[in-house]
Amino acid sequence: MLSIVSLVFRAKEYFEPDERDEVSQMRLAVIGSAGSYPAPASACSSYLLQHDGYQLLIDAGNGSMSNLYNFTTPGHLDGVFLSHPHVDHIADFVGIYHYRQFACVPERKLDLYAGVETVDALGRLLGSDLGDTVNINIVEPSKIFKIGPFEATSELMAHPVQTYGLRLTAKGKSIAYSADTGPCESLEVLSHKADLFLCESTWIEESETYPKDLHMTVTQAVGFALRGEVGKLLLTHIAYPNSPFVALAKARELGARNVELAFDLEEHSI
Ligand SMILES: [Zn+2]
């Protein structure tokens, strides 16, 4: 039977994070990794990047808000970057907005970073200009801007709607995020020598029937990782029922050495 002393010790462990965790690394928690639509036990695209006490949510796809509570609450987020207006990347921003509007009203407004088309889509979804709860920062291509402790830059991707990929740097470490995209030069720019390259690989096998400028295969994702000499490739947005494990095996066959799969609720240090 557990003694009171050991229970107190364990509670302390749980509520007071070990100071060794306070190193200046970035930590990326995968909140949702499913491609295009939810998969069994997996929400759509969303990632929580934490550094120096700042919490940035990157995309908020459908189903992801439930997973977010494993790491933080919507009221504790400092910023949200939304790559593009497709539902599997923005739907749960609606819940985050309502949580901060009604359930737990933080002193500070939420900093939103998104392209103008995404902001317009949110306005239509919410029937609001967002201004009561959100500071809107319109993202434009090839500009350097600040998000909390990060230096950020965004580029337009090859996707049917206005879509921004993202690169974030802090203390000499960088993470690149492809968002949704077909192969494009912008992705070469964003991913070059990134320490962590979070890259979509919606499809596994090549097919003539895939539309151009929509998504990528594992082969294409690995090609960008190798050419860009990235530190680690994290494959994400693999569309069910494609198997992530088949994708991983293929990536290794193609020569990707440091490659992992993005799974919901797993964390990666950068
Ligand atoms: Zn999309």
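Does Leu235 count as buried or exposed, and at what relative accessibility? Leu235 counts as buried, because its relative accessibility is 0%. This model is predicted.

**Zinc site**
- Four residues coordinate the zinc ion: His84 through NE2, His86 through ND1, His159 through NE2 and Asp180 through OD.
- The four donor atoms make angles of 92 to 165 degrees, and the site is irregular.
- Along the chain, the donors are spaced as H-x1-H-x72-H-x20-D.
- His159 sits in the loop between strand S8 (150-156) and strand S9 (164-170), while Asp180 sits in the loop between strand S10 (173-177) and helix H6 (185-191), so the pair ties together parts that are 21 residues apart in sequence.
- Both His159 and Asp180 are buried.

**Helix H7**
- Helix H7 spans residues 218-227.
- Its buried residues are Val218, Ala221, Val222, Gly223, Phe224 and Ala225.
- These buried residues pack against H6, strand S11 (196-200), strand S12 (232-236) and helix H8 (244-253).
- Glu229 follows H7 and has a positive phi, near 50 degrees.

**Leu235**
- Leu235 belongs to strand S12.
- Beyond its neighbours within four places in sequence, Leu235 is in contact with residues including Cys199, Ser201, Ala221, Ala247, Leu248 and Ala251.
- Val259, Glu260, Leu261 and Ala262 are also among the contacts of Leu235.

Conventions. Residues are numbered from 1 along each chain as its sequence is written. This is a predicted model: local features need pLDDT of at least 70, side-chain atom pairs count only at pLDDT 80 or more; totals for chains, interfaces and linings use all residues. Side-chain values use heavy atoms; hydrogens and water are left out. Donors are N, O and S atoms within 2.8 Å of the metal (3.2 Å for Na, K and Ca); water is not among the atoms, so sites may look incomplete. Four donors count as tetrahedral if all angles lie between 85 and 135 degrees; four count as square planar and six as octahedral if opposite donors are over 155 degrees apart and all others between 65 and 115; anything else is irregular. Helices (H or I, at least four residues) and strands (E, at least two) are DSSP runs, numbered from the N terminus. Buried means under 20% relative accessible area, exposed over 50%, partly exposed in between (1.4 Å probe, protein chains only). Contact means heavy atoms within 4.5 Å.
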